[in-house]
Amino acid sequence: MDKLIPVVVIKEIGETEKILSALEADGIHCAEITFRTACAQEAIKLAVQKFPDMHIGAGTVINAEQCKRALAAGAKFIVSPGLSEEAAKVCEKADVPYYPGCVTPTEIMKAISLGITVVKFFPANVYGGLKAMKALAAPFPQIRFIPTGGVNKENLDEFLAWDKIYAVGGSFMVEEALNKWQK
């Protein structure tokens, strides 16, 4: 898994190749395509076909039905804003990583009980950022984090410097890659 996970919102299927080409040109070989739009499943399928060297996953997956659709499209990992036990079970059965959003001790304990040791910390800026994750890491040393929400170019290195960071997610990477690519 790359340390950078761009959060990609595809509003129209035609945007898929443009966005992923820009990310790839910027040296990023991973993308979390959100399940927030009508064309998300189609975009994941297209991304997996057209960019076989990229690690394509699905984000904003909130239930088993969406999870199954994302996996059917070829998603290599699943990310949720919160913890869905049913999505966790679908991913476990499919042997695909599941990264649920967990920001409280209770949510982290639930993730651990499901065999999950990497969690999304979202929205990181609202829930205390790096300081909060470091406090949570004390009682849960086996947990690693994927902070998103409030992560940007200015604080990226600070997050990546901590050994409990599995990866960092954010939509800012898409905008930055597109700006570079279009020049």
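Student: Why is Y99 called buried?

Tutor: Buried means under 20% relative accessible area, exposed over 50% and partly exposed in between (1.4 Å probe, protein chains only). Y99 has 6% relative accessibility, so Y99 counts as buried. F77, at 0%, counts as buried too. A word on the source: this is a predicted model, where local features need pLDDT of at least 70 and side-chain atom pairs count only at pLDDT 80 or more, while totals for chains, interfaces and linings use all residues. Residues are numbered from 1 along each chain as its sequence is written, and side-chain values use heavy atoms, leaving out hydrogens and water.

Student: What makes Y99 and Y166 a tilted pair?

Tutor: Rings of Phe, Tyr and Trp (its six-membered ring) pair if their centres lie within 6.5 Å; planes under 30 degrees apart are stacked, over 60 edge-to-face, and the rest tilted. Here the centres are 5.7 Å apart and the planes at 45°, so the pair is tilted.

Student: Which three residues form one aromatic cluster?

Tutor: F77, Y99 and Y166 do.

Student: How do you know that K120 sits over the ring of F122?

Tutor: The rule asks for NZ of Lys or CZ of Arg within 6 Å of the ring centre and within 35 degrees of the ring normal. The charged end of K120 is 4.7 Å from the centre of the F122 ring, and it is listed as sitting over that ring.
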